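Hi,

Here is the model I said I would pass on. Have a look at it first, and then read my notes below.

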Amino acid sequence: MSRNIEASCRQCRREGAKLYLKGERCYSTNKCAFERRPTPPGQHGKRRTKVSEYGLQLREKQKAKRIYGVLEKQFRGYFEIAEKQKGITGHNLLIHLESRLDNVVYRLGLATSRKEARQLVDHEHFLINGKKLNIPSYIMKDGDVIEVRPKSKKSQKFKDILEVTENRTVAAWLSKDVETLSGKVIGRPAVEDLDVEIAEHLIVELYSK
């Protein structure tokens, strides 16, 4: 499975915004590299350059891809699905990304970052509707139940994760049971519920050219 191997903090600096790719570290002003050095990476990072309309659209697409850990081919596929659905294409795209299994794990506070969520899913730490599933891109549907596997619940890993994420707000379209380390999809993601800012209309404009 291909993935983006560029350093997480460099990705934030390149997009000029916090993408929260390293979990709790990103919430700290002392530990976050972007807080200390918000300029783009490279020797010319401090230069101020005028960004074209195309450049803004491209950067927003790259930002969304980096946040959700999706590469171009898959992202383009999500856009094509969103375009065929009823409603606003940009909203459909974001809802699709939000519904990914790895993102649901992250939004439930069962991982400190989306990157960690993908790793945990890959290693089969979760049951979906009572069955093992290790596909981070699986699209969760209304009524789906996710639970940490019994063996994994006892691990120090999840104890540490819960300690870090205990104050994280769970999205309105999800419910969480801390005692059983489980959660359920109880509705459809809404753009207003996103924990990051994405100008989805710029992505639609880019792909519509």
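The side chain of Asp144 makes a polar contact with the side chain of Asn129, at 3.0 Å. By polar contact I mean a pair of N or O atoms within 3.5 Å; within protein, one must be able to donate a hydrogen and the other to accept it, and residues adjacent in sequence count only if both atoms are side-chain atoms. Before you go further: this is a predicted model, so local features need pLDDT of at least 70 and side-chain atom pairs count only at pLDDT 80 or more, while totals for chains, interfaces and linings use all residues. Residues are numbered from 1 along each chain as its sequence is written, and side-chain values use heavy atoms, with hydrogens and water left out.

Back to Asp144, which is found in the loop between S2 and strand S3 (145-148). Helices (H or I, at least four residues) and strands (E, at least two) are DSSP runs, numbered from the N terminus. Asp144 also uses its side chain to reach the backbone nitrogen of Lys141, at 2.8 Å. Buried means under 20% relative accessible area, exposed over 50%, and partly exposed in between (1.4 Å probe, protein chains only).

Leaving out residues up to four places away in sequence, Asp144 touches Asn129, Tyr138, Ile139, Gly183, Lys184 and Val185. Contact means heavy atoms within 4.5 Å.

Asn129 itself sits in the loop between strand S1 (126-128) and strand S2 (131-132). Its phi is near 55 degrees, a positive value in a residue other than glycine. Asn129 counts as partly exposed because its relative accessibility is 42%.

Leu181 counts as buried because its relative accessibility is 6%. S4 and S5 run antiparallel and are joined by four bridges; two strands pair if DSSP finds at least two bridges between them. Ser175 has Lys184 in S5 as its bridge partner, and Leu174 stands opposite Val185 in S5.

These strands belong to an open sheet of five, in the order S2-S1-S3-S5-S4, with antiparallel pairing. S2 and S4 are the edge strands, each pairing on one side only.

Now the helices. Helix H5 (residues 89-98) is mostly covered, with nine of its 10 residues buried; among them are Asn92, His96 and Glu98. The cover over those buried residues includes helix H3 (53-68), helix H4 (72-84), helix H6 (101-107), H7 and helix H10 (200-207).

In helix H7 (residues 114-122) you will find Lys115, which is partly exposed, with a relative accessible area of 41%. Lys115 and Asp102 are 13 residues apart in sequence and 8.1 Å apart in space, C-alpha to C-alpha.

Cheers
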